[in-house]
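Hi everyone, thanks for coming.

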Amino acid sequence: MVEPNQLTQHLETFVDITRSPTQQDDSLRRIASSLENDTLSINQLVREMEMYLTTTDDVVRARGILLLAEILNSLKQKPLDNAIVHSLIGFFTEKLADWRAVRGALVGCLALLKRKNVAGVDVLAIAKAMIQNVQVQSFALLERKLCFELLECLLQHHSEAIITMGNLLVYATCEAIDGEKDPQCLMVVFHLIELLAQLFPSPSGPVASDASDIFDSIACYFPLHFTHTKGDEASITREDLSRGLLRAFSSTPFFEPYAIPLLLEKLSSSLTVAKVDSLKCLKDCAMKYGVYRMKKHYGVLWSALKDEFYSSTGTQLSFALESLTSPGFEMNEIHREAVNLLQTLVNQDISFLGFVVDDIHINTVFDTISRHSQYKEMPDTSKLDVLVISQILSVSAKASVKSCNIIFQTVFFRLMNILGIVEIVSTGDVFPKGNSTVSTRLYHGGLHLCIELLRASKDLILDFEEYSPTPGCAQESWCSIVKSFSFPLIQVFTSAVRCSNNDCAEDVYFGVKGLLAMGMFWGGSSPLSRSEFEKILMTLTSIITAKSAKTVVWELALRALVCIGSFIDRYHDSDKVMSYMSIVVENLVSLASSSQCGLPYAMLLEATSEVCSTGPEHVEKMVQGFEEAFCSSLSDFYVTGNFKSIDNCSQLLKCLTNKLLPRVAEIDGLEKLLVHFAISMWNQIESCGVFSCDFNCREFVEAAMTSMGQVVGIALVESQNSIFQKAYSVISSSILPAMESIPLTFAALEGLQRDLSKRDELILSLFASVMIAASPAASIPDAKSLIHLFLVSLLKGYIPAAQALGSMVNKLSSGSGGTNISSDCSLEEACDIIFHADFALEKKISSNGSGPSGLAWIGKGLLMRGDKRVNEIAQVLVECLKSSNRSGHALHPSAMKHSADAFFILMSDSEVCLNRKFHAVIRPLYKQWFFSSTVPILESLIMNSETPLSRTMLHVALAHVISNVPLTVILDNTKKLHPLILEGLSVLSVDSSEKETLFSLLLVLSGTLTDTKGQQSASDNAHIIIECLVKLTSYPYLMVVRETAIQCLVALLELPHRRIYPFRRKVLQAIVKALDDRKQRVRKEAIRCRQAWVSITT
């Protein structure tokens, strides 16, 4: 049992308004916990609280009543005796008349009403007390919201008890609502109207009799003018309020005489939001009020709706690729809501369609269509008529099967007459003209209307079949009409596609769009026969294969075939799958496999990849076809030396890499197909002997390496092992035995180049790409021999071999265990072999520039895994940057340059090797570690450098290290690095060949100037920084350097005034010259910089 003193203390804490909210909440929680655990009863609590509940002190009484109410609110799940509940309700209903304590009374009543065992008489007592004693709009926000929530609870959960209050309840609710403006309260207010409508649905009930007053209480909020910012009012948005008001408007049909005229009036508003809300609300009201009540408004509704279509539709019809599957013009929100309303009205009552088809504009538009064959020749008013009426008719046709029948029966024969397919005689009878007499004159307006109707009927089929297990549209009259004209329609659209005039882009567009519309009818409900569907496919495919350049019709036809293929795959139309596969997919794939097509091979590959990406079966067929095409083309090149064949191979591999590989995750089974393709590449290379002619086709080798690496990179470990086994069998039977016999000495390498054939170079390149992309878990046979092979290749200047070595040392496990990339070689053994060749490497550095790059790739592999042996490689590279090496000989300048650039390889992120995509082992903070160990060495060498060349190359190396480390590292060392960066900028600005390195270093400086950490050091070096930047504003070799230098000068204005003001004149003089820069971007920055520096005064 709770000690009385403790309870009194908690009570005192809560009622004391000087206590903090946290203390008051804690006291409330402790008292509620005692009641929950039965260590305190509700009767005991009330007795202890008697003084607080009855005192004449208004503040204490209000706090005491609120405390009791909040306690009950916390105990909603705890059962209470009926007598106690009755007694408490009596207390709180009495206190509703006490306006000073009304908040607690409202909370208490609400808490008790949420219980299940509340008697009807108690509910009625609360309702009556609420109506009699509470003037809602006289209270503050929190109390008003509680009042509305109390009314909501009464109407929603206790409607049976209060239904007898009838008109009194309705009147009280309207009075409470009157003048409310707060969004939180309005959300509840709108729901109250819905609840009243549900409670009194009878035509003789209080809602029906007081409908005008009730509607007036909420009509003043339409349309909503919401000015609260995001995050205000408990995140209530205008959309939330709008939906609530819409539901209130449509909650009862008794609002119809007042709501519909108001909404139609608001449609004439100039505010977009008023129009959109009116259209949304009209749609909802039409569904809720019913046909009987809405029918009287049809005439005015149709007139207003038609006006909205006209006012929200432009006259510009798009003929772009993206418009093939859309109406062809931009639709704003008003237009979309008008479409929804029209479709709802037609779907709900077919008689509304009479207003549509009998409208005079329908006859007008047919006259317009027949007078103008070209869309561009029409006046803007006529264009608008065509677009609007086409949209209205197509939307109406899509509403229901019945409406589609009426629309087609009313207008389709007239359309066929205009298009020259039928003839309508004076008696009104319709006669077909015959296939041979189809009009050669194309009427764009007629084609557009016809296409929109076909698209609407296609969509109707899809909607119908989604809810119907059996085809139900095939017997409808609209379907019979389309079926009877399908063949001549296809002829009309085909003739438009095959238009030979120079000025026929619109004809082609309408032709392809029409064929697309007819080719996308679904399944058994399609009005097209299989032969007609296949004719459409053959027409579009023939356009793809016949054109020799990327014309408009070629691109349109390709997009149409892609849309049809995607449609077939999405809706699993089995009848059309076979036709599409044989006519489109197999045809294009077979053309890609042969060299007999007049279409440029790149275009053929693009078309094939786009078409085949529409479904998994198509992708499988394409990969198999590409595999066959690659093998046959490569074989042809081996045998005949046909350079076109090897060029085809390059383009095919690029297509495979760019189009298919990114979709591996989307298409099941694609990984296996690509792995099979990679193994087939190896099989084909193995089966071929030597090239029939010498060639230097780097494009093919690079494409093959990229494709092979990408396939290995996405493959599972088991698949990687399969590729490795095949690749090893090829390389071991050709190049490996000869290489293994070559010792790792400089003298032994002199004759190596002539020993490697072009085929062997290709094999070595491909194997290197496999090694680069391999997972650490993959198993590579005979790893030591492969290391020897790559070393020999590296020593002859073959960089992919170095990248392969770098990948191997990155992924091999150390002797202490871990994940092995190979079962017969550890990292220590690999490093022993590699570093044993150091003497040869050092001579290679002296002879040409590939040695430093090769060393850098090996070092990068070690660096990324955090292996300290990278320091040995870094030491070799640093030696090459000195005036003379350890033997006292001066190095060639190009070797020094490559050694400096090797630091870029070490520190930069690579796309071709040693990245996450190729499963590299990456130690966190490896760049920071290398930075901290290398920068002091380079700094010392710069200070002691003996020649200008050595000093420049050391600065290049340092710039690569600094510019590739995270900026946070630079900011932590700005005091030490700023002088080095500034000196580096000065040195590198002399040589145009270092412009990219200079720019990367300048970006680092820019980063330090815009961060508060770097600004302190910048302040100490302000004079040197400004002098350096002023020189760079006229740097002639790279525009972005000048632009960034000027931006840095602006950033310097954040430094203390006394540091920068002395250089104001010097900066302004430099900027004056930049104002005449030949590049606009530089001039813009110069203007901004000048304005900023002019503004600083003494």
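When I say that residues meet, I mean contact, with heavy atoms within 4.5 Å. This is a predicted model, where local features need pLDDT of at least 70 and side-chain atom pairs count only at pLDDT 80 or more, while totals for chains, interfaces and linings use all residues. Residues are numbered from 1 along each chain as its sequence is written, and side-chain values use heavy atoms, with hydrogens and water left out.

Let's begin with the helix pair. Helices here are DSSP runs (H or I, at least four residues), numbered from the N terminus. In α28, Trp554, Leu558, Leu561 and Val562 meet Met603, Glu606, Ala607, Glu610 and Val611 of α30. Sorted by class, this contact has seven nonpolar, no polar and two charged residues. Nonpolar covers Ala, Val, Leu, Ile, Met, Phe, Trp, Tyr, Cys and Pro, charged covers Asp, Glu, Lys and Arg, and the others, Gly among them, are polar.

How do these two helices pack? α28 (residues 552-571) and α30 (residues 601-612) lie at an angle of about 25°, with their axes 9 Å apart. That makes α28 roughly parallel to α30, a label for angles under 35 degrees. Axes are lines fitted to C-alpha atoms over the stretch in contact, and angles run from 0 to 180 degrees between N-to-C directions.

Now for the spaces. On a 1 Å grid over the protein atoms alone, a cavity is a set of points where a 1.4 Å probe fits but cannot get out; a pocket is an open set with protein on both sides within 12 Å along at least five of seven lines; lining residues have an atom within 4 Å of a point. A volume is the space filled by probe spheres set on the points, which are joined across faces, edges and corners.

How many cavities of 30 Å³ or more does a search of the whole structure find? Two. The largest cavity has a volume of about 60 Å³, and its lining includes Phe222, Ser242 and Lys280.

Finally, the largest pocket holds about 390 Å³ of space. It is lined by 21 residues, and the closest to its centre are Pro327, Lys398, Glu452, Arg455 and Asp459. Helix α24 gives the most to this lining, with five residues. By class, the lining of the largest pocket has nine nonpolar, five polar and seven charged residues.

How values were computed: Angles under 35 degrees count as roughly parallel, over 145 as roughly antiparallel, 65 to 115 as roughly perpendicular and the rest as oblique.
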